[in-house]
Amino acid sequence: MAPVPISPIKVGQIDDVQELRRAKLAAIPERFVRDIAERPALDTEITPSSSSNIPIIDFSKLLKGNKEEFDIEILKLSTSCEKWGFFQVINHGIDLGLLESIEKVAIDFFMLPLEEKQKYPMAPGTVQGYGQAFVFSEDQKLDWCNMFALGVEPHFIRNPNLWPTKPVEFSETVEVYSREIRKLCKNLLKFIATSLGLKRDVFEEMFGVAVQAVRMNYYPACPRPDLVLGLSPHSDGSALTVLQQGKGSSVGLQIFHNNKWVPVQPIPNALVINIGDTMEVRNLNNFSSLLLVSVKGLMRYCDI
């Protein structure tokens, strides 16, 4: 998590996009309007087949498949990391009711009155709380997105003042969900190590105490989606990022592959796994074979 800045950062006016949507403004505020080169192309029809090559990993075959199923899936996992930096995981073992619960508390939080959400503000230069993260200047372009982020593990990175009391089941749901996601990530790292011919616990030994955060994004409909981005192009600094797309959501998430943006067609109950910067290893002494572990996962979000 980002440290609290020593000196104040001037970030200028940051409008809440849900409030902008409710206001039905005649024009999008300039801070949200992207330069022409950054604007999403909305003239391309998005179909399920356009993203059919994004790898899909059946986690159950890694956990309890026969030898042939395991070998096939471990090879797919290796290729996914090396060539894509992304994959969707199905049959991951996380209770589907829990996926619905975390989505519900997230939506319920974003539907709270603005004054309630502003009790948990994201201070400039930090990434915990409600607002927009990674804003460091008054001239910086803003995402058409409201965000709420919390540090989860280890406990000392938490800011208890930012954990909301409404909805009442929010904190408990986040705790249970985070525990299950953490378990999934630990297993995925072991299987990635196996795919490289390394001992299963190599990443756990390298990383030590894992840092975990949860971030919830809400993208209200925009009257001019051709001018804005829901989330700026970026890669994550983590080892793994687990993305849960909203149930019934449109195709918005895009990943950069072979010099073009590829839409990620949501698969019901699947989770999208992004290989972060930490896993993009170069010339690491005794672990030179990790050079093959991944390409950096670059993503953005467009209202398409």
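Biologist: Is Tyr218 buried, partly exposed or exposed?
Modeller: This is a predicted model, in which local features need pLDDT of at least 70 and side-chain atom pairs count only at pLDDT 80 or more, while totals for chains, interfaces and linings use all residues. Residues are numbered from 1 along each chain as its sequence is written, and side-chain values use heavy atoms, without hydrogens or water. Buried means under 20% relative accessible area, exposed over 50%, and partly exposed in between (1.4 Å probe, protein chains only). At 25% relative accessibility, Tyr218 is therefore partly exposed.

Biologist: How many aromatic pairs does the whole structure hold?
Modeller: Rings of Phe, Tyr and Trp (its six-membered ring) pair if their centres lie within 6.5 Å; planes under 30 degrees apart are stacked, over 60 edge-to-face, and the rest tilted. By a search of the whole structure, the number of aromatic pairs is 14.

Biologist: Which kind of pair do Phe32 and Trp144 form?
Modeller: Phe32 is buried at 0% relative accessible area, and Trp144 is buried at 4%. Their ring centres are 5.4 Å apart and their planes lie at 75°, so the pair is edge-to-face.

Biologist: What is the angle between the planes of Phe110 and Tyr218?
Modeller: These two residues form a stacked aromatic pair, 5.5 Å from centre to centre. The angle between the planes of Phe110 and Tyr218 is 25°.

Biologist: Which residue lies over the face of Phe191?
Modeller: A charge sits over a ring if NZ of Lys or CZ of Arg is within 6 Å of the ring centre and within 35 degrees of the ring normal. At 5.5 Å from the ring centre of Phe191, the residue over its face is Arg200.
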